[in-house]
Amino acid sequence: MKFSLSSAAVLVAIAFAGSAQAQNQVVTIGHSGPLSGPNAFAGKDNENGVRMAVEELNAKKIKVGGKTLEFKLASEDDQCDARSGVSLAQKFVDDGVKYVMGPYCSGVAIPASRIYSQGGTMVSTVGTNPKVTDNGHKNLFRIIASDTQIGSNMATYAANVMKVKNVAVIDDRTAFGQGVAEEFSKEAKKLGLNIVGQEFTTDKSTDFLAILTNLKSKQPEAIFFGGYAPQAAPMARQMKQLGLKGKLLGGDTLCSPEVGKLGGEAVNDVVFCAQGGTMLDKVEGGSAFKAKYKERFKRDADAYAASYYDQTMLIGDAMAKADSIDPKKVGEYIYANSYKGVAGTYAYDAKGNLKQAPITVSTFRNAAPVPLASY
């Protein structure tokens, strides 16, 4: 049998590719978040944070066990829906995905964490409800502050900085919204604030005129809203429409630029929010991260791109230090050590909560979030 020169070259290329592949170890990083629906902006932002980290980890050519790690991103839409999120968790486990970034919504993170735990998959979530880490699942990390920290800090800010006395509370009945509102209420009562009214809505509503009219008669100086950006923005507009003078307070989800995009001038110096993490512009590497993100994705980073980026980079670093891609060994390393990222220092307690979780309070000016102070 005769071979042409071109045939021989093809065989050499195939052999080289096979040899190179044998020297690589593929590590799939899953992402579970809302890629459709009203919170899709947040899901895409989180995905971008993971994607940027995956690209940088691949550039580092990390070796474990003599093989170069090749990171791949598998991003899926959980719709911020518990049933969809649990089905996705089972899919990731069945597909052998051992690392998942997300879920974004506490109502998904709580039931899905059991599936991931049973399947031996490490989960890194921004779900803030305290129940997320209360079930004792190992290899589960909350990569930002919890509702306890966010809600209580917003109450402290309202009492000590804004000097308000009478507040009202609205929550959207989701695991996140209800959780952060309860923590705000508990701390507000401790600080001597008067809760003059409490109302409920849903995470699908956009008309709040009835509940705001009811609260207006009670003259709250501030309203705390436990919910998401797509509801907070129209709520702020309708407060202005009704002449309701109080401020609209909230947790991390209200710190999203989406609130400004949807609410316009109605949110300026009216919406105040508490978000896990320090002010990126004030920390080493923060401004560089924001610039790099914008260059890569042609948009500004939203609330948690930096946190998702940091945790993905931490996982890669832990694999190199532990010389393993086994989630159990990588998790043990993460629990025992700390990592300095863009958004803060990541050191976890035995339940997977950050030992120190800084909080930044922001408001809106020119329909854009402006950080006021970090605590």
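Trainee: Which residues does D252 touch, not counting residues up to four places away in sequence?

Mentor: The model is predicted, so local features need pLDDT of at least 70 and side-chain atom pairs count only at pLDDT 80 or more, while totals for chains, interfaces and linings use all residues. Residues are numbered from 1 along each chain as its sequence is written, and side-chain values use heavy atoms, with hydrogens and water left out. Contact means heavy atoms within 4.5 Å. On that count, D252 touches T128, I144, I150, F176, A274, Q275 and Y304.

Trainee: Which side chain makes a polar contact with the side chain of D252?

Mentor: A polar contact is a pair of N or O atoms within 3.5 Å; within protein, one must be able to donate a hydrogen and the other to accept it, and residues adjacent in sequence count only if both atoms are side-chain atoms. For the side chain of D252, the distance is 2.8 Å, and the partner is the side chain of Y304.

Trainee: How far from D252 is the nearest side chain of opposite charge?

Mentor: Lys and Arg count as positive and Asp and Glu as negative; His and the chain ends are not counted. A salt bridge needs a side-chain nitrogen of Lys or Arg within 4 Å of a carboxyl oxygen of Asp or Glu. D252 is buried (under 20% relative accessible area, with exposed over 50% and partly exposed in between, 1.4 Å probe, protein chains only) and has no salt bridge. The nearest side chain of opposite charge is R142, at 9.4 Å.

Trainee: Between which two elements is the loop that holds D252?

Mentor: Helices (H or I, at least four residues) and strands (E, at least two) are DSSP runs, numbered from the N terminus. The loop with D252 lies between β10 (247-250) and α9 (257-263).

Trainee: What span does helix α5 reach from its first C-alpha to its last?

Mentor: The expected span is 1.5 Å times one less than the number of residues. Helix α5 (residues 147-160) has 14 residues, with 20 Å expected. Its buried residues include I150 and M154.

Trainee: Which are the edge strands of the open sheet of six strands?

Mentor: Two strands pair if DSSP finds at least two bridges between them. The order is β2-β3-β1-β4-β5-β6, with mixed pairing. For example, β1 and β3 run parallel, whereas β2 and β3 run antiparallel. The edge strands each pair on one side only, and they are β2 (63-64) and β6 (140-142).
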